[in-house]
Amino acid sequence: MLRPFYSLRQFCKMKKLLIALTLLCPLETYANDCVIIGFRGLKGQFDQEAFEKYAQMRGLYPIALEHTDLDLAMSIIEEERCYHLYGFSKGAETVMKMVRKAYDKLYPSPIDVITIGAYKSANVDFRPYNIRFKNYYDKSGEGQKTPGTYVAGIPHMKMQQYVLEKESEMKK
């Protein structure tokens, strides 16, 4: 009996890598040929439209990944050395993991980082890596020690839209 060449796990990893590489092909159409990698929260929580509008406002090519897709994100920055990071909720923790991993591998640091809705115990302090960053916290982030903007009265799932509006106002 013949055995399959790849395990299901290997196949899934290859599939994700191929999808990511396919997404990177049209980079030439974006202003500065940089990508922004956005990490979703638990159970895929993420406002895709707000993320894409944020990327468009910044002239960046958006790539949204699950908060567990750290290896895929690392393979993307191996190819695309100009990148920004965006993390929503649990995805904010993945952004920190990615920064550490890139630092350990001596890869270039992200141009900047934005986290939205990180939990109060999440480490989202990028100062030790000398990276420009912005953190936006909602009620789940009360007590967070890292610098950032606390937003009262905005539900967790509306935070990305709120940040998009605030960042758009600042850009004007």
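T146 is in contact with V124, D125, F133, N135 and Y137, leaving aside its neighbours within four places in sequence. In this predicted model, T146 sits in the loop that joins strand 5 (132-137) to strand 6 (149-150). Its relative accessibility is 7%, below the 20% limit, so T146 counts as buried.

**Loop residues**

- Where in the chain is T146 placed? The loop between strand 5 and strand 6 holds T146, and among the residues that T146 touches are F133, N135 and Y137.
- A122 belongs to another connection, the loop between strand 4 and strand 5.
- Relative accessibility at A122 is 5%, and A122 therefore counts as buried, the limit being under 20%.
- Not counting residues up to four places away in sequence, A122 touches E93 and Q144.
- A122 and K90 are 32 residues apart in sequence, and their C-alpha atoms are 8.5 Å apart in space.

- In what order do the six strands of the open sheet stand? The order is 2-1-3-4-5-6, and the pairing is parallel.
- Strand 2 (61-65) and strand 6 stand at the edges; each has a single partner strand, so one side of each is left without a neighbour in the sheet.
- Strands of a sheet pair through backbone hydrogen bonds, in either a parallel or an antiparallel sense.
- Strand 3 (residues 83-88) pairs with strand 4 in the parallel sense over four bridges, and F88 stands opposite I116 in strand 4.
- Strand 4 (residues 112-116) pairs with strand 5, again in the parallel sense, over five bridges. Here D112 stands opposite R132 in strand 5.
- Strand 5 also pairs with strand 6 in the parallel sense, over two bridges. In this pair Y136 is opposite T149 of strand 6.

**Helix 5 and its neighbours**

- Helix 5 lies across strand 3, strand 4 and strand 5, and runs at about 130 degrees to strand 5.
- The axis of helix 5 (residues 159-171) and that of helix 2 (residues 48-58) come within 9 Å and cross at roughly 15 degrees.
- Why do helix 2 and helix 5 count as roughly parallel to each other? Their axes cross at roughly 15 degrees and angles under 35 degrees are classed that way, so the two helices are roughly parallel.
- The crossing of helix 2 with helix 5 is left-handed.
- On the helix 2 side the contact involves A50, F51, K53, Y54 and M57. Helix 5 contributes Q160, Q161, L164, E167, S168 and K171.
- By type, the residues of the contact of helix 2 with helix 5 are five nonpolar, three polar and three charged.

**Chain as a whole**

- The chain has five helices and six strands.
- Read from the N terminus on, the elements run α-β-α-β-α-β-α-β-β-β-α.
- Of the 172 residues in the chain, 45% are buried. T146 and A122 are among the buried residues.
- Among contacts with a separation of 6 or more, 62% are between residues 24 or more positions apart.

Notes: Residues numbered from 1 in each chain as written. Predicted model: local features only at pLDDT ≥ 70, side-chain atom pairs only at ≥ 80, totals over all residues. Heavy atoms only, no water. Buried < 20%, exposed > 50% of the residue type's maximum accessible area, 1.4 Å probe, protein only. Contact = heavy atoms within 4.5 Å. Pairing = 2+ DSSP bridges. Axes fitted to C-alpha atoms, helices over the stretch in contact; angles between N-to-C directions. Parallel < 35°, antiparallel > 145°, perpendicular 65-115°, else oblique. Left-handed = near helix turned anticlockwise from the far one by under 90°. Nonpolar A, V, L, I, M, F, W, Y, C, P; charged D, E, K, R; others polar.
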